[in-house]
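Reader: I would like to learn how to read a predicted model. Where do we start?

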Amino acid sequence: MPPLHLPEPPTQATIAQARVHLAVLTESSRALEHRILDARDALARLLEERQAAIRDMERELAAIEDSVALTKAYVSPIKRLPHELLRHIFLFAFDDCPWSPWVLAAVCLLWRKVALAMPYIWSKIRLVTTQASSAETIRLWLERSGRTVPLDVEIILKSPSVHTSLVDGLARRRYLSVPHTAGDPWLPGGGGGGGGGGGGGGGGGGGWVTPPPLVHTAAAAPGNTAVHLQIGGAHPTVHVVPVQAAVVANDGGPGPAPPPSPPHTHEWEMPPLMPSERTTPLAQQRLRKNMHWGHIAFYYLVEQMHRWERFVFRFDKQFASIGALKSIEGDAPLLREFEISCVDPAFYGDWKWLPSAPVNAHFDIGNLRTLTLQHVPFKWSSPMLRNLRHLHLRSLPTVHIALDRILHIVSANPQLESLALHFTSPNQPVLPLAPVTLSELRSLSLGGHYLLATLLDSLLLPALNTLVLDVEARDPIEETVSALLARSGTPPLTRLSLSYGAAAGLHPGFYWGAAAGVASWHFLGELDHLAALQVGSVPLEPLIAALSAPDEENGQDRWVCPRLVTLAMRGCHAHGDGVAKLVQMVEARNPDVAGAGGAGGGGGGGAGMAIGGVTPARLRHLELYDCTALGPDVTKWLKTRIEEVVCTEPSFEGRYYMVDPHHW
């Protein structure tokens with residue numbers, strides 16, 4: 001509509017004309033607005049129709065793609081693989097990873113049926129769990145293992161916030177040339193160095209990885225070696241790890257449906273044992289459930305005790321249903337290895353269970369060869385403590401066994417190959433200590449009260465190659481060690497550890513200071529085969545002088561420990577020229593005749609100086625924990641001469657270490 005030209009000033013006639021024109025414009029505007037709304041509605045209907053058509057086509061495309069995938073899977077070579085070969089492949093996967101059946105059974109219906117028809121691949125139970133998790137996983141694992149297959153059980157029960165108070169103490173490390181990861185204290189290969197006790201105690205424990213916190217992401221972080229197994233449930237992502245697993249239920253098909261897997265919680269942390277003011281009814285319900293975890297789990301496990309071939313149960317602290325361990329009693333004709341271990345000592349009464357069975361009890365455990373009991377009750381006269389090959393005992397603080405009865409435990413196992421004893425408060429012997437010969441013992445570890453050192457005076461060990469002494473220092477120990485070696489025919493000792501674990505604060509002296517108690521290092525001259533030496537809480541200079549090149553100062557005419565390749569010291573404080581003597585010792589044993597300078601590649605250069613026709617081996621590994629402040633220059637120089645160097649400066653506020661609970 002063309003604009004209206006009105007004269008100025010307005011008159012009555014022009015004002016009336018303008019009002020008529022305004023009414024026309026208003027009506028036209030309303031008409032256009034309605035037309036726009038109609039057009040928009042038409043466009044929305046058209047868009048919705050087209051979007052609906054697109055969604056229909058997308059659904060049709062998805063169905064076609066599924067059909068294509070199924071058809072490709074049907075014509076793939078793996079579908080033509082005979083079931084016998086598929087089972088053979090499953091066996092390979094099982095040998096490499098004991099919890100692989102949970103993954104294999106979740107791939108497809110065929111693989112699930114094949115996996116569930118193979119009881120053998122379900123015979124190794126590897127479970128890291130908490131009381132907040134369901135014990136039904138154990139039941140399901142046992143059901144799938146059949147009724148006759150021997151069982152290899154290894155369960156770790158964790159409590160929250162273990163060792164977290166010690167983490168801050170690690171921040172004081174400054175000069176660290178080799179990453180020194182403590183790892184999980186229970187998992188093989190993850191603990192700190194210096195543990196004794198020899199072999200046998202941890203055999204057959206492959207397949208463990210350290211479980212990280214659960215995350216709700218589909219892809220694992222780069223470099224992670226730990227995996228969680230969780231398939232199905234509210235979050236259908238896959239985290240592969242040996243914890244309680246849940247697999248998808250059977251989706252139909254011929255034959256009976258396999259039993260469904262139990263649901264799995266997404267939380268590692270267990271609720272507090274004591275309800276707080278803010279405790280919800282759900283938390284109280286979970287608390288009541290946690291109190292019965294042990295009773296439920298061990299009800300299923302003890303039912304299959306006749307199939308146990310290896311049974312390992314480890315827990316870090318006392319838990320609500322620990323009384324369920326008392327149900328471990330009965331025949332176990334296949335049992336070869338048995339372990340119940342707790343990190344923290346507690347106070348228990350007498351338990352009527354297998355390790356505390358009376359001397360006249362008759363249980364079929366004739367095949368038992370490896371026994372480990374740590375911080376749990378046992379009796380020295382139990383039939384379980386007989387005819388063993390590997391024996392590791394760590395008593396409770398409230399246990400007071402006479403020394404002659406401890407020696408009786410040793411003499412009742414004449415074929416021992418490794419022996420580790422740690423008694424905090426033994427009593428004086430009642431009967432005289434008779435000599436005991438262990439002709440096959442290769443590894444001996446004693447820790448705790450100073451009275452245990454007197455056991456060495458009653459032992460004859462012709463095959464000994466590892467000796468670990470973490471007893472409380474009262475008298476010099478070198479004469480006892482020398483007498484043991486001389487009495488045993490000078491066996492080829494390759495590893496010697498003196499108060500190395502006690503210096504870390506793991507075995508604090510109950511009555512006396514926990515130090516090596518060495519007055520003279522001349523006895524090292526008798527250890528020509530020694531390859532690893534670990535010492536704690538002794539002066540640094542005398543030890544370093546004894547290991548240095550022979551001269552008039554140390555009064556030696558030949559190399560001491562010429563085959564030494566590993567030297568570890570903890571809490572060995574230096575006075576005066578201790579650092580200089582350390583450098584001189586390394587220079588003598590690891591000379592840099594090739595001129596390696598400071599160009600890295602530690603360990604380069606030639607052999608040490610030959611004296612008396614003997615050339616010492618080069619040091620390969622050096623550890624200095626809380627000994628002396630070396631400084632970055634000395635640490636850098638050591639790294640050019642030795643392949644692995646781990647140094648920590650001394651801390652005067654206190655010592656805190658992430659230590660291995662299996663260290664003896």
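Reader: Why are H5 and H7 called roughly parallel to each other?

Author: Angles under 35 degrees count as roughly parallel. The axes of H5 and H7 cross at roughly 10 degrees, so these helices are roughly parallel to each other.

Reader: Which residues make the contact of H5 and H7?

Author: From H5 come Glu-136, Ile-138, Arg-139 and Leu-142, and from H7 come Trp-293, Ile-296, Ala-297, Tyr-300 and Leu-301. By type, seven of the contact residues are nonpolar, two are charged and none is polar.

Reader: Which residues touch the most other members of the largest nonpolar core?

Author: A nonpolar core is a set of buried residues joined through side-chain atoms within 4.5 Å. Here the largest has 130 residues, and Phe-311, Phe-313, Phe-315, Ile-328, Phe-338, Ile-340 and Leu-524 touch the most other members. H7 gives the largest share of this core, six residues.

Reader: What is Ile-328 in contact with, leaving aside its neighbours within four places in sequence?

Author: Its partners are Phe-298, Val-302, Met-305, Trp-308, Phe-311, Phe-338, Ile-340, Trp-353 and Leu-354.

Reader: Which residues of helix H8 are buried, and what covers them?

Author: In H8 (residues 403–411), the buried residues are Leu-403, Asp-404, Ile-406, Leu-407, Ile-409 and Val-410. Their cover includes strands E6 (390–394), E7 (418–423), E8 (436–437) and E10 (459–460). Across the protein, 47% of the 664 residues count as buried.

Definitions and conventions. Residues numbered from 1 in each chain as written. Predicted model: local features only at pLDDT ≥ 70, side-chain atom pairs only at ≥ 80, totals over all residues. Heavy atoms only, no water. Axes fitted to C-alpha atoms, helices over the stretch in contact; angles between N-to-C directions. Helix = DSSP H or I, 4+ residues; strand = E, 2+ residues; numbered from the N terminus. Parallel < 35°, antiparallel > 145°, perpendicular 65-115°, else oblique. Contact = heavy atoms within 4.5 Å. Nonpolar A, V, L, I, M, F, W, Y, C, P; charged D, E, K, R; others polar. Buried < 20%, exposed > 50% of the residue type's maximum accessible area, 1.4 Å probe, protein only.
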